[in-house]
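Please find some short notes for your review below. They take strand pairing and the metal site in turn.

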Amino acid sequence: MAEGDSVRRLAARLDGALAGHDVVAAQFWRGGFEGGRLLTVAPVGKHLLMRFTSGQTVHSHLRMQGSWRIHRPGWRPGPATDQVRAWFDFGPAGVLAAHAMPVLEVLPTAREDQVVGHLGPDILADQWPQQRPTAVTAITAAPDRRIREALLDQRNVCGIGNLWAVEGLFIAGVWPHTPAGDVDADRVLELIGRMMRLGLRNGTQSTTGDLRRGRTHWVYGRYRRPCRRCATPVAFVPAGDGPYDRETWWCPFCQPAPV
Ligand SMILES: [Zn+2]
């Protein structure tokens, strides 16, 4: 899942393997890529920015289906790999290819704001503790909006995916449909941030601390199954029309609706 934590792990992996290496050949589906040496791979929320010495940045967003893969040196896409929209040959370090990438573009590094400037503070960035009040202000600025949607709107805070929002609201004991204005958003954000950092450090998306199969989550994906805390059947609502109206699970007892 391309949540902020998995994008951050991917960025660290690509950076470790390829930063400092020159692109010796490349194919970019829209053209305009000038080559150069890879300086860094930086995550911003769920976006990935690869910066090159040419002054260009390759911007990508994996959404649900995209992936970056490092193939062996000299690799080229064949007929069976037609999902490749771009590849970058880093010589002995291997060939980096974008598979089924829904968002992929090259732009001047100086203009990265065009693609990430609209984002709120990154929940996994080092500056997050100082920036959290900005995210709280943004969330409470629309007090009637459901908290589960406000948490997923990347303009308020970036990097939180549905998994972390659903599980964070369970741990906070907050009914996911509560109007944002009635929620202690600072506490919820602090909690989700702590949980995501722990996950990032441990390389897992378990929110229960249990790594066994089928036990990694409290309510996410557990419709009608007993709540792990109180045994009440987990409730569910499918995704709606809005861009942040994602499928949601909650425990009606541990996360009661206001009376
Ligand atoms: Zn419960």
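1. A definition for the pairing points: two strands pair if DSSP finds at least two bridges between them. The strands themselves are DSSP runs of at least two residues, numbered from the N terminus. The model is predicted.

2. Start with E3 and E4. Strand E3 covers residues 36-44, and strand E4 covers residues 47-52. Six bridges join E3 to E4, and the two run antiparallel.

3. Two residues lie between E3 and E4. Gly45 takes a positive phi there, near 60°.

4. E3 also pairs with E1. Strand E1 comprises residues 22-23. Two bridges join E1 to E3, again in an antiparallel arrangement. Here Asp22 stands opposite Arg37 in E3.

5. Now the zinc ion. Which atoms coordinate it? The donors are the SG atoms of Cys227, Cys230, Cys251 and Cys254, at 2.3 Å. Angles among the four donor atoms are 100 to 113°. The site is tetrahedral.

6. The donor residues of the zinc ion follow C-x2-C-x20-C-x2-C in sequence.

7. Cys230 has 26% relative accessibility, so Cys230 counts as partly exposed.

How values were computed:
Residues numbered from 1 in each chain as written. Predicted model: local features only at pLDDT ≥ 70, side-chain atom pairs only at ≥ 80, totals over all residues. Heavy atoms only, no water. Donors = N, O, S within 2.8 Å, 3.2 Å for Na, K, Ca; no water. Tetrahedral: all angles 85-135°; square planar, octahedral: opposite > 155°, others 65-115°. Buried < 20%, exposed > 50% of the residue type's maximum accessible area, 1.4 Å probe, protein only. Helix = DSSP H or I, 4+ residues; strand = E, 2+ residues; numbered from the N terminus.
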